[in-house]
Each structure stands twice: as C-alpha cells, then as structure tokens.
Amino acid sequence: MNDPGLWAARYQAVRGHTLALAAPLSAEDCGAQSMPDASPVKWHLAHTTWFFETFILEVLEPGFAPFHPAFRVLFNSYYNGVGDKHPRAQRGLLTRPSLDEVKAYRANVDGRIVALLGGLADGAARERLAALLTLGLEHEQQHQELLLTDVKHLLAQSALYPAYLERPLAAAAASPLEWVACEGGVVTVGHDGDGFCFDNELPRHRQFVEPFALASRLVTNGEYLAFIEAGGYTTPALWLAEGWDWARAQDLRQPLYWQRDEAGNWHEFTLAGLRPLDLHRPVTHVSLFEADAYAHWAGARLPTEGEWECAARAHGGLPGDVPAFAHPSEMDDADVLRQLFGHCWQWTSSSYAPYPGFKPAAGAIGEYNGKFMVNQYVLRGSSCATPAGHARVSYRNFFPAGARWQFTGIRLAR
C-alpha cells in the first residue's frame, strides 16, 4: 500500500458505483424482497458496508466502536463465525433502519476507512489492510451484480412492468453458430497468480480433457423458442430426472421473464421494461435443468468447467468492458469464441467442488466459499450485469440447478 490516495480513490469509486446503481429506485423499491433468494437493495447497501466495518475497522481501527451494535446481526449474511444472523427470507421485513439511515451508515464507514488508509504506520498492518480492502471491493462488485438481478426480479412482480432504466435496446443480429475444435490433453486450470482471485480459483492444477468442440456463441432466443415449439418442455426423455420433476411442479413452459400476449406474440421483461422478444439475443434466465434439456435436444451437451476454461484461454482472449447492463446483446469483438464475457453466465456440467489442494482462508472469511461446495453447479464467464473489470477467465460462479434469476445462458459443447 504505497499510495493511500490511490487506494482511497479506488475505494470511493467502487462504493460510489453501488449508490449510483440504487439511485433510480425509490425507497419502496429498495426495501422490498421478492423471494428468499433475492435481497432488498437496502440490505445490499448495508451488508457491503457491514463487511468493511466487521472485517477491517473492527480489526484495525484504534478505539473501534460499531456504528450501531444491532447491525452486526441484521446485516450478517452467512458468516457463522461472526455470530447470529437475521433470517435471509425475512430481510424484506426490515423497515428499520430506513434507507436514509443505511446511507448514513455507508458514509460513516467510508469516512473511517479513508481515515484508516492515511493513518496506519505499521507496514504489516498496511499490507493486511490492502488485502482486506481488495477482498471487500471485489465482494462489493459481486453485490452490485446481485443488486441488479434482484431488482429485476422485484420489478417483474408488478403488472406495470416498470423499467429500472428507460434505455433503448439496439437490434441484435446473431452470427452463425460454428464449432471451435479444442485438442484437449493435459491442461492447466485455475488462477495464474496475476492479480486478485477468490480462493475457490486456487490452486492452479492440471486436468486431463478429451478432445472436444465448443460453440462459437451462446444459444439465442430464437433457437430456444424452436426447442419450446418442438415440445421441449413436454418431452421427459430430454430432462434430468430431478429437472423434469422441478419443471412439472412449477408447470414451467418457458424461461423466466418470457410471456405471450393474447395475440400469441412473445415478450421478455428486461431491466428496460417489457420488450418484444428479440430472437437474435442470447436466451437468458434459464436454469441448469433447462440448459441441459436444450443441449440434449440440440444433439450436444454442456461443457465442463475445465473445457470452458481451456477453450477460453486458447480462443477467447481477455474479458473487456461489459456492454450496457440492461440486457445481453450480440455485440462482441471476439474473433473465435464470442460472448464469453459480458453477456450471460454460462452453465457447465461441473458440480461446484474444491480444486485439488484447496485450503479455505483462516477465520470467518474462509466461510465464503468453503461452506457452499455442495449441491451447486459452476457457471463461467460473466454477464451484462457484471461490473467492468470484475471478470476473469478463472472466475467460478455457482448456483443451484434450479436458479433462474441471474443472467444465465447456454453455450453448447460436443
């Protein structure tokens, strides 16, 4: 931490972006919770602040005193090592503190973090602060994406179909789907040590991958609509057994946010409001069950995460800036593998598990990944809601097989 001013500027930029994402919303928007898997915007604003207060100020600030003692419980997510937690499914019941009080909490903690940046003289403490700040800012960027996807699910519950932001969605034009051959063999998977990574991306290790091919782009709405019209949701042979039961129990017939009007025309709810279904854009908000069923119908399969990373390193280039976060698009400058980043998270067939030799971080922070490595599947890439600069080739996202409220899509393999 050689330049506290640069660290303060970075900290304030990330924290300010979270507030900017919340700015178009009313206090009512920010307090509501549409389902247990989603959190109110107010809770996201407070929890990310709680992270800096609990894991940095409480450890490093001289004479530390909490902003409010009850916030330690109210805004703890799942860190059992820290103490009690408010029930996740009841976060929408927290009418107090108010949105203004939560913003005051953010401002208080931000001021104390900036002061701490300029006040630590001990070299070891400064290095510890740099590591914790980096983790906290990456954690906040995760919540920036969750904030958008949770708001989308919330707004979709209204018959008004309100737009989060009124913005045009440019017409897309899908490129032909091609198959990109990959030789396979012994490949190296995991973070290469250049820059930040979460602990679940480590250690870098070898895997054997048979020769395979990966689709050059994501599956489109039009292609998925053909699956629907061919009876994809009513053909049990295409589905995993649990997936078939899951779809039947909810009487599902299309992706989340798709609907037909009285004339039979398809529409899709987006962060820019309800729009006619664009057949050329990537299909999104599908579960692993739906992605796997589509892949079977298309005579293909989902890639493993090792295959995805191997192909991305060989043919995909590096993640760049993400497009406008209203919806995935076809705009992409990649030459071979398109839409790896900035469009949809891509389901893989790989169960979320530790890499060989994985060791969680010491203390409560180590709970972040270690405790969730069961009953989840890995997704790769990034989405249109992922903050710029947050994605990397080794990034491992993970969700249960039935999750649909994230910007999840389909890339085929064979």
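In this predicted model, helix 1 (residues 4-22) and helix 5 (residues 99-119) pack against each other, their axes coming within 9 Å and crossing at roughly 165°. Two packed helices are described by the angle between their axes and the distance between the axes. An angle over 145° counts as roughly antiparallel, and helix 1 and helix 5 are therefore roughly antiparallel to each other. Their crossing is right-handed. On the side of helix 1, the contact is made by Pro4, Trp7, Ala8, Tyr11, Gln12, Arg15, Thr18 and Leu19. These residues meet Arg106, Val109, Asp110, Ile113, Val114 and Leu117 in helix 5. By residue type, the contact of helix 1 with helix 5 divides into 9 nonpolar, 2 polar and 3 charged residues.

Helix 5 has another partner to look at, helix 3 (residues 41-60). The axes of helix 3 and helix 5 also come within 9 Å, and they cross at roughly 30°. An angle under 35° counts as roughly parallel, so helix 3 and helix 5 are roughly parallel to each other. Helix 3 passes helix 5 in a left-handed crossing. From helix 3, the contact draws on Lys42, Leu45, Ala46, Thr48, Thr49, Trp50, Phe52, Glu53, Ile56, Leu57 and Leu60. From helix 5 come Leu99, Val102, Tyr105, Arg106, Val109, Arg112, Ile113 and Leu116. The residues of this contact divide into 13 nonpolar, 2 polar and 4 charged.

Pro97 is placed in the loop between helix 4 and helix 5, and a cis peptide bond joins Arg96 to Pro97, with omega of about 5°. Another cis peptide bond runs from Leu202 to Pro203, where omega is near -5°. Pro203 is found in the loop between strand 2 (185-189) and strand 3 (205-209).

Turning to the sheets, strands of a sheet pair through backbone hydrogen bonds, either parallel or antiparallel. An open sheet of 3 strands has the order 5-6-7, and its pairing is antiparallel. Strand 5 (258-260) and strand 7 (273-276) are the edge strands, each pairing on one side only. From one strand to the next, the twist averages 35°. Strand 6 (residues 266-270) and strand 7 pair in the antiparallel sense over 4 bridges, and Thr270 has Gly273 in strand 7 as its bridge partner. Helix 7 (residues 221-229) lies across strand 5 and strand 6 and runs at about 60° to strand 5.

An open sheet of 4 strands has the order 10-9-8-11, with mixed pairing. Strand 10 (397-399) and strand 11 (408-409) stand at its edges with a single partner strand each, so one side of each is left without a neighbour in the sheet. Strand 8 (residues 345-351) and strand 11 pair in the parallel sense over 2 bridges. In this pairing, Trp345 has Thr408 of strand 11 as its bridge partner.

Two loop residues complete the picture. Gln339, in the loop between helix 10 (305-315) and strand 8, has a positive phi of about 65° although it is not a glycine. Glu178 is placed in the loop between helix 6 (123-155) and strand 1 (179-182). Leaving aside residues up to four places away in sequence, Glu178 touches Leu214, Ala215 and Ser216.

Notes: Residues are numbered from 1 along each chain as its sequence is written. This is a predicted model: local features need pLDDT of at least 70, side-chain atom pairs count only at pLDDT 80 or more; totals for chains, interfaces and linings use all residues. Side-chain values use heavy atoms; hydrogens and water are left out. Axes are lines fitted to C-alpha atoms, for helices over the stretch in contact, and angles run from 0 to 180 degrees between N-to-C directions. Angles under 35 degrees count as roughly parallel, over 145 as roughly antiparallel, 65 to 115 as roughly perpendicular and the rest as oblique. A crossing is left-handed if the near helix is turned anticlockwise from the far one by less than a right angle, and right-handed if clockwise. Contact means heavy atoms within 4.5 Å. Ala, Val, Leu, Ile, Met, Phe, Trp, Tyr, Cys and Pro count as nonpolar, Asp, Glu, Lys and Arg as charged, and the others, Gly among them, as polar. Two strands pair if DSSP finds at least two bridges between them.
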